[in-house]
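Have a look at the sequence and the fold, and then read on.

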Amino acid sequence: MTIAVAYRPDDYGRAAVRWAAAEAEANKEKLVLITVSEIDPEFDPPEEIDLSEFTERFDLDGLDYEIRRAASLSVSDVVIDEAVDAGAERLVIGIRKRTPVGKMLMGRVTQMILLDAPMPVIAVKP
């Protein structure tokens, strides 16, 4: 089985990776870490996100993992496509704490992933 996690370089992304890695390790699953640069890949080079803080620990723990990097103006579509392509049974994302009204007005990428993903989505807060 495979669990995918969408990573962005902030506290929310780190919380999602930590949760997904713990889950993958506990259940002996493969972890697919997905990073997406929100740019037009036709005109801009993708941002190189340093993942060494995770990969070093994954290697030490013997975790089966894969890193997928992409660039697109449609982050939610790419995250979902990469998770589906990897055969992920679950997708983990990091989300911000929201007020009751804020929950109705959540971020565009988060909302699209929650609505469009064909697999269960686990939303993790730091």
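By class, which residues make up the lining of the largest pocket? The lining has 12 nonpolar, 6 polar and 6 charged residues, where Ala, Val, Leu, Ile, Met, Phe, Trp, Tyr, Cys and Pro count as nonpolar, Asp, Glu, Lys and Arg as charged, and the others, Gly among them, as polar.

## Ground rules

This is a predicted model, in which local features need pLDDT of at least 70, side-chain atom pairs count only at pLDDT 80 or more, and totals for chains, interfaces and linings use all residues. Residues are numbered from 1 along each chain as its sequence is written, and side-chain values use heavy atoms, with hydrogens and water left out.

## The chain as a whole

The chain holds 5 helices and 5 strands, taken as DSSP runs (helices H or I, at least four residues; strands E, at least two) and numbered from the N terminus. Their order from the N terminus is β-α-β-α-β-α-β-α-α-β. Of the 126 residues, 43% count as buried, meaning under 20% relative accessible area with a 1.4 Å probe and protein chains only.

## The largest pocket

A pocket here is an open set of points on a 1 Å grid over the protein atoms alone, where a 1.4 Å probe fits, with protein on both sides within 12 Å along at least five of seven lines; lining residues have an atom within 4 Å of a point. The largest pocket has about 430 Å³ of space, a volume being the space filled by probe spheres set on the points, which are joined across faces, edges and corners. It is lined by 24 residues, and Y7, R8, V36, V75 and V109 are the closest to its centre. Two or more lining residues come from each of β1 (2-7), β2 (30-37), α3 (75-85), β4 (90-94) and α5 (108-116).

## Helix α3

The buried residues of α3 are V75, S76, V78, V79, I80, E82 and A83. Their cover includes β1, β2, β3 (65-71), β4 and α5. After α3 comes G87, with a positive phi near 75°.

## Aromatic rings

There are 3 aromatic pairs, counted when ring centres of Phe, Tyr and Trp (its six-membered ring) lie within 6.5 Å; planes under 30 degrees apart are stacked, over 60 edge-to-face and the rest tilted. The ring centres of Y7 and F54 are 5.2 Å apart with planes at 80°, so this pair is edge-to-face. Because Y7 sits in strand β1 and F54 in helix α2 (residues 52-61), the pair ties together parts 47 residues apart in sequence.

Notes. Buried means under 20% relative accessible area, exposed over 50%, partly exposed in between (1.4 Å probe, protein chains only). Contact means heavy atoms within 4.5 Å.
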